[in-house]
Amino acid sequence: MKTAPYLLSLPALLLFAAVVIVPLGMTVALSFHDWGQYKGIVPVFILKNWREVFSDSYYGEMFWRTFRIALLVTLLSAVFGAPEAYILNRMRSPWRGLFLLVILGPLLISVVARTLGWALLFGGKSGLINAVLLSLGLISAPLPFMFTETGIVVALTHVLMPYMVLAVWAALQRLDPQVENAAITLGAGPFTVLRRIVLPQAMPGILSGAVIVFALAASAFATPAIIGGRRLKVASTLAYDEFLNTLNWPLGAAVAVLLLVALVLIVFGANRWVERRYAQVFG
Amino acid sequence: MRRNGPLALCYHALFVAFTLAPIIVVCWVAFTPEGYLSFPTTHWSLRWFHAIARYPEFISAFWRSIGLGALSSIIAVAISVPAALAIARYRFAGREAFTALFMSPLMIPNVVLGIAFLRFFTEVGLGGTFTGLVLAHIVIIFPFALRLTLASAVGLDRALEHAALSLGASEWTVMKRIILPLVLPGLVSGWALAFINSFDEVTMTVFVAAPGTETLPVRMFLYIQDNIDPLVTSVSACVIVVTVAALVALDRAYGLERLLVGRGGNDGR
Amino acid sequence: MAFLELENLTKRFGQQTAVDGLWLGVDKGEFVSLLGPSGCGKTTTLQMIAGFVEPTSGAIRLEERDLLAVKPAQRGLGVVFQSYALFPHMTVVQNVSFGLEMQGVAGAERAKRVGETLELVGLGSFTERFPRQLSGGQQQRVALARALVIRPRILLLDEPLSNLDAKLREEMQIELRQIQRTVGTTTILVTHDQAEAMALSDRIVVMNKGRAEQIGPPYEAYERPATPFVASFLGKTNLVKGIAVRPERISFAASGLAGTVRTRIFQGNHWLYQVETSDGLVTVIRQNTGEPMPVEGAVVHLSWMAG
Ligand SMILES: Nc1ncnc2c1ncn2[C@@H]1O[C@H](COP(=O)(O)OP(=O)(O)OP(=O)(O)O)[C@@H](O)[C@H]1O
Ligand SMILES: [Mg+2]
């Protein structure tokens, strides 16, 4: 057996064993521990937290809200992001690079700063858009945004949209531009070319973008925390509260582990489906 | 290639406006002369930028973020290079599993990682320490570093090394004159991408950092949780400017698309 | 009036003139090749006919009607692209029937015509494959079938064989010619391979720097090149004592221009010689008849018939 590749991977392996696998294992174990206001964490093996998470409708509602938001965000980014990727792909040299930077760049700008922007745009009466709409007389009361699901969805869509554009863009890059011309010579109109030629080829990109956006939306923290506040909780903000406010770590660990397991199942399932669906065509 | 029609360009303009609006708004409010959130139109002032100086916790958080990002990115790149060589050059049992493991921080929600780190560091006595932060950050930025070092390693044509060796170069010369110059752009970009990701990370860090080891995004996040005032917009504006500068530099040096799409290291350009 | 007329067709990209005042008439059923070195404007010409590039000036007429006023989708031309441009997400059958669908041809009729065309190109048994599951030659046939099935008024081929290996290319040339004879479609082929152009075409257009240097049957262009460029582009030529002589027209004789054999290359059915003479290097091609031939270093005499 060759030892070289194992030796080369050793530092990374050690790091991941110590700082990823062990902590995750400890978190799973933690979710089975007991906890009391005064006794703190008691390292025993009980199902109390899991029972609570599965029986209390509060958690069911909260998880349902989390995935509902994630689904909406995914849909919106696909519907709006895919056309933009197509438009970008058809741009010419200086513009293409420039707008790619403009649209993908925010991916690397602090999520806190970007979410703050949405709070400034829509937050209460003084929010820019609300103020403009109010002064124009288009609305009589400020549009509710802060502490609403709509607000979270809009801000999260903004935060995660670049991932969708990126995924679709990557798929379109592999597309032979002559293929569109070929369809045109066969008599296809612009709409037919889009629907029958471009969209099916962009579909793997849209789907893989959707998987990424969904996973990130379902586990997003800063945006729902800032826009949703304490009133509108999603899985990650709930886990945060259990850990840093209530201090019921075992319960928070159960919520987190459940989120992880659900996401891993969904993402793996979706990826398998996409791969099987397109294996023959694109390989 | 056909051009975009007017409808497409309108859509594009709206899309760009949507993308930039919140970012511009933050920078705009930062210049308000008022003591409350408002959009300056006639009077602009730097008062809230000056005000940052009076909040040492923002200043120290900023430097901590810089140090943390720089240090953890260097370590992440250093560890990722041998791992990338192993993955790129050898077919061995467990290769796929290793790759999946090293990429897993992308898959695992950062909240979950934050919780796991918090639990682990508290148990081993690293809770709230800078060392803990560094370890945690190395892990979550590792996939970004690995992706670019891997692209470099894969793009490296072994025939070049063989050619140099056949021309009489020593192993060391091959390393210095052939391999290093070829992979260096990938390594530097990997470091930069890792740095930016570390610099922006808030979700996981919020669990691991304690008062005294807060990073800038964590400080901003906690501040916003209490109240939103012009101070946090001026801080955000600074963060945005720094990130945009880094982005443009990175785009010039390596190509943003290549960086984010993660294509091979030597494809033209 | 010819079937297809290119009248003073010109295309400029900024400063650069890609096609420069091209006149060409193509008769119905004719097979015409655009031949020339890389960058001489062949693809640009074809793309102007197909409608993907707009001419700077000049006109294109098909059956006396202005083709430039017709949108690419309505021109009814069959195009085979150099990259084939097959729809990767559609099977062979779906690829070929796409154009008929666009014309609104009914299902049964469509299936019949697709079947016939696939038989014609010899792909009857590959109907349900996706393009990437086909070899280069098979993909090329699908592209041809897709263009032919719509019964195009003109078939445009842009270096359709250049991605194939030498042997397959030769086979496909023969097949292409046979198919074109069978269906009788007017065909314009772009190629930089002079052998291919000569093998397939009724007439060839030798292009250089955007201009047509000579238009005529292959034999005529080869035997009576109109310009030095055509002479040198179509096969090898020697300039001996101020006249152009094809290498295969020169023979070794008892007397004549004296020279020394520099190199001798065996090429199967013929020998290729480089002979150093007082008039410079002369290339000589001799059939391999099995007889002994002069070796390198030998002193020889060259003779030829003018013309
Ligand atoms: N879109 C364009 N913009 C600018 N210049 C172009 C464009 N298309 C072609 N050209 C130029 O026009 C000239 C003719 O190009 P064209 O593609 O027609 O050549 P070609 O004869 O097909 O060559 P090849 O055999 O290499 O395919 C070339 O010099 C090319 O650089
Ligand atoms: Mg060409």
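Two chains are in contact when heavy atoms of one lie within 4.5 Å of heavy atoms of the other. The legends below apply this to a predicted model.

**View 1. Chains B and C, which do not touch.** The nearest C-alpha atoms of chain B and chain C are 8 Å apart, and the two chains make no contact. Two pairs of chains do touch, and of these the pair A and B has the most contacts.

**View 2. The interface of chain B and chain A.** On one side 84 residues of chain B take part, and on the other 91 residues of chain A. The size of an interface is often given as the accessible area lost when the parts come together. For chain B and chain A, the buried area is about 7,700 Å², with 80% of it on carbon and sulfur atoms.

**View 3. Helix α7 of chain A against helix α1 of chain B.** The crossing of α7(A) past α1(B) is left-handed. From α7(A), the contact uses V154(A), H158(A), M161(A) and V165(A), and from α1(B) it uses F15(B), F18(B), T19(B) and P22(B). Six of these residues are nonpolar, two are polar and none is charged.

**View 4. Helices α3 and α8 within chain B.** Helix α3(B), residues 56-89, and helix α8(B), residues 171-200, have axes that come within 8 Å and cross at roughly 140°. This angle makes α3(B) oblique to α8(B), because only angles over 145 degrees count as roughly antiparallel. Here the crossing is right-handed. Among the residues in contact are F62(B), I66(B), G69(B), S73(B) and V77(B) of α3(B), together with L187(B), G190(B), W191(B) and F195(B) of α8(B). By class, the contact of α3(B) with α8(B) has 12 nonpolar residues, six polar ones and no charged ones.

**View 5. The interface of chain C and chain A.** Chain C gives 23 residues to this contact and chain A gives 21. About 2,100 Å² is buried between chain C and chain A, and carbon and sulfur atoms give 65% of that area. How many salt bridges are there between chain C and chain A? The count is one. E101(C) pairs with R196(A) in a salt bridge, with the closest N and O atoms 2.7 Å apart.

Technical notes:
Residues are numbered from 1 along each chain as its sequence is written. Chains are lettered from A and ligands numbered from 1 in the order in which they are written. This is a predicted model: local features need pLDDT of at least 70, side-chain atom pairs count only at pLDDT 80 or more; totals for chains, interfaces and linings use all residues. Side-chain values use heavy atoms; hydrogens and water are left out. A crossing is left-handed if the near helix is turned anticlockwise from the far one by less than a right angle, and right-handed if clockwise. Helices (H or I, at least four residues) and strands (E, at least two) are DSSP runs, numbered from the N terminus. Ala, Val, Leu, Ile, Met, Phe, Trp, Tyr, Cys and Pro count as nonpolar, Asp, Glu, Lys and Arg as charged, and the others, Gly among them, as polar. Buried area is the accessible area (1.4 Å probe) that two parts lose on being put together, summed over both. Axes are lines fitted to C-alpha atoms, for helices over the stretch in contact, and angles run from 0 to 180 degrees between N-to-C directions. Angles under 35 degrees count as roughly parallel, over 145 as roughly antiparallel, 65 to 115 as roughly perpendicular and the rest as oblique. A salt bridge is a side-chain nitrogen of Lys or Arg within 4 Å of a carboxyl oxygen of Asp or Glu.
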